[in-house]
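Please have the sequence and the structure in view while I talk.

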Amino acid sequence: MKKETELIFLRLIVLLAGMALMILGIMRGELVEVLNKAVRICLECIGIG
Amino acid sequence: MHRNRVKKQGKFRLLVQIIATVFLNGYFMGIMKGKIYTGKSKEICVPVLNCYSCPSALGACPIGALQTVAGGQKHKIPFYALGTLMVFGVLLGRLICGFLCPFGLFQDLLDKIPVKKISIPKKIDKPLRYLKYGILLFLVLLFPAVITDQYGTGEPWFCEYICPAGTMEGGLFHVAVNEQLRKLVGTLFYWKVFLLVVVIIGAMKISRFFCRYVCPLGAFYSLFNRFSFHQMYINAMQCTHCHACEKVCPMALNVPQELNSSECIRCGKCRAVCPEQVITSNFSLHEKNNICE
């Protein structure tokens, strides 16, 4: 029973931590950084350099 | 009856994989125009390895996003991409690898090619599986953040030197249709094409070769596999130890003992093939007894 409670707690903590990180990243403008990279052909990704 | 179940499960998974691939790569105009999609959805990290330079990609590759922010001038810790992956990881674990990843689908199709398969001895297989964690830690997270130029910008090491998905989905296409890019082709491009060929041959000989040894996204999700909401379960009392599940496992796992190991991609082949139907899977907040004694 104790183990099960710990597991539920762990799942919820990781889920909330992930959501918090997402929101924090969005608030500090990481979406713009990702978008700027993703809308141009990434020369490194395609092996040009 | 048993054979039907295996076929039905295989067809269902293939259908989900195809739908996911088409859904994440729905910009077909990009293939015709030879240009990539530039809409707002490109800021959203998809949960799978899908290069954002693929002409039909609608979202951002999370591994690319991690390296972009880590290698950027402003933030060295990529909160947004890490958080997105944590949410997907804790909800689904490596079910994403088994059901949603386009590069996983590509490897599954390669595995269907009837060539002689290789069985890697455990002594070599086990340590080799740690390679993907090294790639995640060093090439994706540390090197882009730490090894920087005079402007504080780091390179996306994994994308640049390793990623075969980028070469296949973006590189070959853009070089084929864009003359200016074709003029820039050099040693790096040939290196990446060579790696892609190695991965293709590897996946033909060893099922899920890239997922087992190289994929940093699989490495990340594997950290959550043991406690994710989606879990596999086995009724230990009814397991007859026939080993049918082990024979079909694409990740070459000792299924009853390693049912929810970090390596399980939750493809469900073991569940379908089990003659006693003692393996199940479910989304649950609560834990059940899921280990075969």
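Let me start where the two chains touch: the contact takes 34 residues from chain A and 45 residues from chain B, two residues being in contact if their C-beta atoms, placed from the backbone, lie within 7 Å. On the side of chain A that touches chain B, the elements giving two or more residues are α1 (2–27) and α2 (30–38) of chain A, and α1(A) gives the most, with 17 residues. Helices here are DSSP runs of H or I with at least four residues, strands are runs of E with at least two, and both are numbered from the N terminus. By class, that side of chain A divides into 22 nonpolar, 4 polar and 8 charged residues, where Ala, Val, Leu, Ile, Met, Phe, Trp, Tyr, Cys and Pro count as nonpolar, Asp, Glu, Lys and Arg as charged, and the others, Gly among them, as polar.

Before going further, a word on conventions. This is a predicted model, in which local features need pLDDT of at least 70 and side-chain atom pairs count only at pLDDT 80 or more, while totals for chains, interfaces and linings use all residues. Residues are numbered from 1 along each chain as its sequence is written, and chains are lettered from A and ligands numbered from 1 in the order in which they are written.

Turning to chain B as a whole, there are 16 helices and 2 strands in it. Its radius of gyration, taken over C-alpha atoms, is 20 Å, close to the 19 Å that the globule rule gives for 293 residues, so chain B is as compact as a globular protein of that length; the rule itself is 2.2 Å times the number of residues to the power 0.38. Along the principal axes, the C-alpha atoms of chain B fill a box of roughly 60 × 40 × 40 Å. Of its 293 residues, 50% count as buried, which requires 20 or more other C-beta atoms within 10 Å of a residue's own, whereas 12 or fewer make a residue exposed and anything in between partly exposed, with C-beta atoms placed from the backbone. Among the contacts in chain B with a separation of 6 or more, 70% are accounted for by residues 24 or more positions apart.

How is chain B divided into domains? There is a domain 1 (2–222) and a domain 2 (230–283), with bounds that come from an automatic or database domain assignment, and 26 Å separate their centres, taken over C-alpha atoms. The contact between them takes 19 residues from domain 1 of chain B and 14 residues from domain 2 of chain B. On the domain 1 side, α1 (2–24), α4 (79–92), α5 (95–99) and α13 (209–213) of chain B each give two or more residues, and α1(B) gives the most, with 5 residues.

The largest nonpolar core has 96 residues, of which L49(B), A57(B), L66(B), I96(B) and F158(B) touch the most other members; such a core is a set of buried Ala, Val, Leu, Ile, Met, Phe, Trp, Tyr and Cys residues joined through C-beta atoms within 7 Å. Leaving aside neighbours within four places in sequence, L49(B) is in contact with residues including C61(B), I63(B), C101(B) and F103(B).

I will finish with two loop residues. R208(B), in the loop between α12 (187–205) and α13 of chain B, counts as buried, with 25 C-beta neighbours inside 10 Å. P275(B), in the loop between α16 (269–273) and β2 (279–283) of chain B, counts as exposed, with 12 such neighbours, and the C-alpha atoms of P275(B) and H2(B), 273 residues apart along the chain, are separated by 6.8 Å.
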